[in-house]
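Biologist: Please take one part of this model and go through it closely. I would like to know what it pairs with, what covers it and how it sits in the rest of the chain.

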Amino acid sequence: MGKLELTSSDNREEKKTENDVNQLWLVTHAERLDVVNKNWHIKAAKPFDPPISERGHLQAHHCAKFFSRQKNIKAIIAPPSTRCLETASRISEVLNLPVFVENGLFECLPSVVDDSSDLLELVDLENLFVEFPRVNASYQSKVVNIRFPETLEQAKKRLKSVVKSIAEQFCNDGSVVIVGDSFLMMELSYSLSSVRVKSSDLLPCTAASFSKRGLFWRCTTKPVCVTAGSTCFKYRR
């Protein structure tokens with residue numbers, strides 16, 4: 001029997017189905033301040049937690065415009081790090097959605113802090129609601145606390161578990177945007193759909209989407225910098 005070929009109308013139907021499916025979006029935060037100011041960390045109270053740069057704010061704006069063109073986004077989720085919450089807050093302003101803070105999406109800190117530190121000691125969660133008014137306090141974080149230092153394997157396991165829970169909670173009713181760092185993008189792209197992403201390929205505001213069909217996830221939008229072509233695209237490593 002010959003291979004079944006889709007007619008043009010079948011192709012349109014397939015495309016429509018693909019566009020309408022709920023997506024899990026991953027996007028990296030905008031440019032960090034310590035990328036353009038190499039000495040920022042010297043006097044910083046939290047050298048592991050830089051804000052985004054002036055150009056980063058422009059990138060976050062273009063990133064928000066990108067997501068305003070996507071369908072059915074119902075939630076924006078970010079870890080309690082300044083650069084991620086600043087990026088997520090800009091997206092939330094344009095989409096008119098709150099930001100949910102998920103502690104379990106926090107970056108891996110293998111050696112930045114001392115042996116007695118944990119997330120609740122490093123991050124003032126109470127102050128987040130003042131500093132970032134777009135944050136919705138009603139969301140119950142999947143992970144309450146993280147003990148540091150943390151191995152890469154521990155962080156990978158944590159991220160996979162948290163994103164699975166997020167997808168189960170939000171992706172049945174719509175699409176969700178998760179703002180994170182490059183480690184999150186690399187590990188989850190591979191664990192969800194075996195897409196390998198190199199850190200050298202990840203620019204600020206690089207986005208990728210995934211959809212679930214049956215038991216399996218597949219990449220529906222390969223990682224792409226959504227600010228490319230804009231005046232804020234230039235990026236210095």
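Predicted model: local features only at pLDDT ≥ 70, side-chain atom pairs only at ≥ 80, totals over all residues.

**Strand E1 and its surroundings**

Modeller: E1 and E5 run antiparallel and are joined by four bridges.

Leu26 has Ile178 as its bridge partner in E4. Strands of a sheet pair through backbone hydrogen bonds, in either the parallel or the antiparallel sense.

Next, the side chains. In a regular strand they alternate between the two faces of the sheet. From E1, Leu24, Leu26 and Thr28 point one way, while Trp25 and Val27 point the other way, and all are buried. E1 is largely enclosed by the rest of the structure, because five of its five residues are buried. For the protein chain as a whole, 49% of the 237 residues count as buried.

The sheet around E1 is open and has six strands, in the order E3-E2-E4-E1-E5-E6, with mixed pairing. Its edges are E3 (99-101) and E6 (216-225), each of which pairs on one side only. On average, neighbouring strands of the sheet are turned by 25° against each other, with direction ignored. Beyond E4 comes E2 in the strand order. E2 (residues 73-78) and E4 (residues 175-180) pair in the parallel sense over four bridges, and Ile76 has Val177 as its bridge partner in E4.

On the E5 side, Lys212 is a residue of that strand. Lys212 counts as partly exposed, since its relative accessibility is 43%. Along the chain Lys212 is 41 residues from Cys171, and the C-alpha atoms of the two are separated by 9.0 Å.

Now the helices. H4 (residues 54-68) lies across E1 (24-28), E2, E4 and E5 (206-213), and runs at about 165° to E1. H8 also lies across E1, together with E2, E3, E4 and E6, and runs at about 150° to E4.

Each of these helices also meets another helix. Two packed helices are described by the angle between their axes and the distance between the axes. For H4 the partner is H5 (residues 82-95): the axes come within 8 Å and cross at roughly 45°. That angle makes H4 oblique to H5, and the crossing is right-handed. H4 makes the contact through His57, Ala60, His61, Cys63, Ala64, Phe67 and Ser68, and H5 through Glu86, Thr87, Arg90, Ile91, Val94 and Leu95. Sorted by class, the contact of H4 with H5 has seven nonpolar, four polar and two charged residues.

For H8 (residues 152-170) the partner is H9 (residues 182-193), with axes that come within 10 Å and cross at roughly 65°. H8 is therefore roughly perpendicular to H9. This crossing, too, is right-handed. On H8 the contact is made by Leu152, Ala155, Lys156, Leu159, Lys160 and Val163, and on H9 by Phe183, Leu184, Glu187, Leu188 and Ser191. The residues of this contact of H8 with H9 divide into seven nonpolar, one polar and three charged.

Phe148 lies between H7 (125-131) and H8. With a relative accessible area of 1%, Phe148 is buried. Phe148 and Leu119 are 29 residues apart in sequence, and their C-alpha atoms are 7.5 Å apart in space.

On the scale of the protein chain, residues 24 or more positions apart account for 73% of the contacts with a separation of 6 or more.

H4 and H8 both lie across E1. The five residues of E1 are buried.

Methods: Residues numbered from 1 in each chain as written. Heavy atoms only, no water. Axes fitted to C-alpha atoms, helices over the stretch in contact; angles between N-to-C directions. Helix = DSSP H or I, 4+ residues; strand = E, 2+ residues; numbered from the N terminus. Parallel < 35°, antiparallel > 145°, perpendicular 65-115°, else oblique. Left-handed = near helix turned anticlockwise from the far one by under 90°. Contact = heavy atoms within 4.5 Å. Nonpolar A, V, L, I, M, F, W, Y, C, P; charged D, E, K, R; others polar. Pairing = 2+ DSSP bridges. Buried < 20%, exposed > 50% of the residue type's maximum accessible area, 1.4 Å probe, protein only.
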